Amino acid sequence: MHDKTLTELAAALAAGEFSSRELTESLLGRIERLDGELNSFITVTADQALSAADAADAARAKGDAGPLTGLPLALKDIFCTQGVRTSCGSKMLDTFVSPYDATVVEKLAAAGTISLGKTNMDEFAMGSSNENSFYGPVKNPWDLSAVPGGSSGGSAAAVAAGLVPAALGTDTGGSIRQPAAFCGITGLKPTYGRVSRYGMVAYASSLDQAGPMARSAEDCALLLGTIAGHDLRDSTSVARGVPDYRDELEASLSGLKIGLPKEYFGDGLDPEVETAVRDAIKVYESMGASIREVSLPHTDLAIPAYYVIAPAEASSNLSRYDGVRFGHRCENPADLIDLYKRSRAEGFGEEVKRRILIGTHTLSEGFFDAYYKKAQQVRRLIRQDFLDAFEDVDVLMGPASPTPAFDLGAKKDPVSMYLQDIYTIAINLAGIPGISVPAGFVGNRPVGLQILGPHFAEQQLLNVAHQFQQATDWHRRQPAFGKENA
Amino acid sequence: MALEQEDVRRAAHLARLGLNDDEAERYVDDLSRILEMADRLQAVDTQGVAPLAHPLDATQRLRADEVTEANQRERFQRCAPAVENGLYLVPRVVE
Amino acid sequence: MQWEAVIGLEVHVQLATQSKIFSGASTAFGAEPNTQACAVDLGLPGVLPVLNEAAVAMAVQFGLGINAEIPETSIFDRKNYFYPDLPKGYQTSQMYHPIVGPGEVEIALDDGTTKRVRVHHAHLEEDAGKSLHEDFHGMTGIDLNRAGTPLLEIVSEPDMGSAKEAVAYIKALHSIVTYLGISDGNMAEGSMRCDVNVSVRPKGQETLGTRAEIKNVNSFRFVEKAIAYEIERQIELIEDGGKVVQETRLYDPEADETRSMRTKEEANDYRYFPCPDLLPVVLDQAYVEHLRESLPELPAEKRARFENELGLSAYDASILSSTRPMAEYFEAVKDSCNDAKLAANWVQGELAGQLNRENLDIVDSPVSAAQLGGLICRVSDETINGKAAKQVFMALWNGEGATADEIIEAKGLKQVTDTGAIEAMIDQVIADSPVQVAQYVEADEAKRGKMIGYFVGQVMKASRGTANPQQVNALLKQKLDQA
């Protein structure tokens, strides 16, 4: 059961091949046996999952099952879940049991899905390797010496290892797409505002967006249809109808105009990654798509702009962790300032502190114009690059990451870690959607093809990704890890 | 723009982050390199370019003025580190 | 040396919305601690703000009420600082693009003249919670019920020159916001709070002196006293060779002095930046026009109309327009009796006196405007005389009847104007007072004027106050002069 896609599982449940309880028990068993090594979950909610599975089976017996009823999922531990610890990968929230559910958590529960638990992540979603977690690093199931990517590393690893068929992640600068690429799964970052941020612990509010991570584009379409939509509790969510994202999956790609940003194939791109991506593009050519080179001239400014804007927003978003109303509080504070300084020094890890400091510095008097305001101006230029490109082409394609997954502990220097996100970060600044689909391997480590579209073009992205998955089987490959003789 | 230890200490104080000397030293180094990277922005001509705060050109939706929230103090204070008589406790604030 | 003071005010007005500016929690005053602090107000991880339409409408109404420019777009920023009553570690405010642009407020001065005070801008922001310093084993308790209550911060230009002008300005704001119904204006509950900027300079000097800011002064009286003290302090300081430092001070009403807040002047750096959780607020023209059309007549216009059209004195016009309930009451009385001057006299005389004695607000008056109007009608058509009118008023106050007419009837207070009846009473009084009549006859003209009062009193008494006093006077004079 563990190697099936969500769509296949839904069909099997509907056909009565097995019950949701059987499926859930089977996956909980795999988590029990395998996750000690992988560390992809922070919290496993076995009891709640089993009773939800029974409820789903009962609903099905009564004929009340919807398309997602009884399907198991995992949630990145950034989504608030009522009655369940929501740690965000941080010591700061190690004891935080959320008193409320995030909007997407409510929607998934209402659709009848079953959460198996909360997945590991870089602390407060800050990182590209999942090494910045208070709960320890996650391993890449394809190669246990490699990172799974970040920050949604736990979600990606759990799906790749067959612990759960799909998971929710969040993406602020590539945190869905890069771990999806590193772990050989499909991950979609929707248009900013497409999915509610209410109840998703904020890192950088103008960039954060939740999205599905699964074994196929079709599964992502199924999940996106469930979590997308306007939320009256999120001012930045968009009031726009939600189509059935599966409707256009089978549309022909003949005549599709694909742009290859030349900046995404330049220095620093691993040649084997490039080969895999170019081979994938040839598959599209064979389907009748046309290819042309385009330019996104401000690409090299995306990382500098991001590392001003995101830490600035984060420094403010993370001020609420002060040891007063929730979260870590130091022992015996001498006075108020001691309460603040010690609680925060003890509760936050190193990367979080680094970004708080950078953000605080760049927003402070005398630096605001040179950094923050400048970065926001450059942000407009970066968005304009994409708007211009989409005048000429339907989608853009390139690698999701310049290299395949790197070794655990390989990148000690923060700046070199930041540069990993070169192909994903501009997408968040522009607010457009992007999807990473498995497109080959370098050795035993997966390569992701990234496909980008204009604002709200998710339907087209999923169509383009799905057609590739009809022609290739990269997304069906499974790591040796977790293959059980059963 | 070069960064001094004083800048790091100032930011740490504004952000209420306790730092010891070693950490302050290390962060001067890290932050300097990050800012050096950020300084690449200075080379771009942004004359006349309006800052972009949100990726979509949307405007604020307004909520009807209705009380929709009931008292949930007990539930909210279950995750609080120190409460008494319904109040959150902090070390004495001197005004 | 001659000194002059320069005063500017930042007035925080709590807006009278039902729910908070960014959440659906109640804004009602006086609830148990933290029972009106919802997930959004507490700044729980993951929560987001959504702007309250009524707060926007009220801010715009204020702007229209002071003839301010209403910019099409306003933007919320975050003001970052740590304080236990500030749950998110930032206050959502409007630093660079406020909802209300420059406007002006007309203030009435004691000498009957008016002056215009310019308002630099007014912006929306969220209130903080409260710190309670009662004994919690040396700890401070935090109540976040108030956190997220909408505030309109009204920032004036430094256009005031004295404590009295500053108070007149706050009173004018108070009356505008209560007229508009956008605030209850209850200063005791903190619905209006002022920060006062004061500096002094030699008279005639152009450049401004260094200013001190006095935080959180919460009554008209304290504003006046705090400013008076601060002006005095600064002048003395300079005359003694000292220098005013730019600082924040607190007014201590018990000692009647301002004190420097501990100079922890680590130079605040609030790191304002646009709040990424809120989008620009764009007001379309139709919305603003709709609000403009629904604006009530405001105090300054009312005052002018009372003076110019109703012929009231400047003083009466100013008192009667000072609050909306007062003005509405007065106008209702006037409309029902059709005599603005009599209405003004009664509202400010008998009614105000009685309200004052019983410590009641005009909205709680036991005598309705229609009842008072009905009473005044009977005075002006001479059905009753002034003395009886006061009796009727007290009877209405005490609920002895529904209308003045009913009471006049029941108590037989109708004025006697029948000359025959009055003459009969006069004859009786003259007959009963031979000594006084003899004294009168012997007195000269000047003394007679005084002595006639005795006879008038007797006749009025005989008529149980219902005789027309003018008639009594005239007839008495006639009769006595013939005696």
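This is a predicted model: local features need pLDDT of at least 70, side-chain atom pairs count only at pLDDT 80 or more; totals for chains, interfaces and linings use all residues.
On the side of chain A that touches chain C, two or more residues come from each of α9 (302-317), α10 (336-347) and α11 (350-363) of chain A. The most come from α9(A), which gives four residues. By class, this side of chain A has 18 nonpolar, 10 polar and 10 charged residues.

The contact draws 38 residues from chain A and 32 residues from chain C. About 2800 Å² is buried between the two chains, with 59% given by carbon and sulfur atoms. A:Ser235, A:Arg320 and A:Arg325 supply 21% of the area that chain A buries against chain C, more than any other three residues. The chains share one salt bridge. A:Arg197 pairs in a salt bridge with C:Asp277, and the closest N and O atoms lie 3.0 Å apart.

Six cavities of 30 Å³ or more were found. Two or more lining residues come from each of α1 (39-42) and β4 (90-97) of chain C. The largest share, three residues, belongs to β4(C). The lining of the largest cavity has 11 nonpolar, four polar and seven charged residues.

The second largest cavity has a volume of about 110 Å³. It is lined by 14 residues; A:Gly184, A:Arg215, A:His475, A:Arg477 and A:Gln478 lie nearest its centre. This lining divides into six nonpolar, four polar and four charged residues.

Technical notes
Residues are numbered from 1 along each chain as its sequence is written. Chains are lettered from A and ligands numbered from 1 in the order in which they are written. Side-chain values use heavy atoms; hydrogens and water are left out. Contact means heavy atoms within 4.5 Å. Buried area is the accessible area (1.4 Å probe) that two parts lose on being put together, summed over both. A salt bridge is a side-chain nitrogen of Lys or Arg within 4 Å of a carboxyl oxygen of Asp or Glu. Ala, Val, Leu, Ile, Met, Phe, Trp, Tyr, Cys and Pro count as nonpolar, Asp, Glu, Lys and Arg as charged, and the others, Gly among them, as polar. On a 1 Å grid over the protein atoms alone, a cavity is a set of points where a 1.4 Å probe fits but cannot get out, and a pocket is an open set with protein on both sides within 12 Å along at least five of seven lines; lining residues have an atom within 4 Å of a point. Grid points are joined across faces, edges and corners, and a volume is the space filled by probe spheres set on the points.
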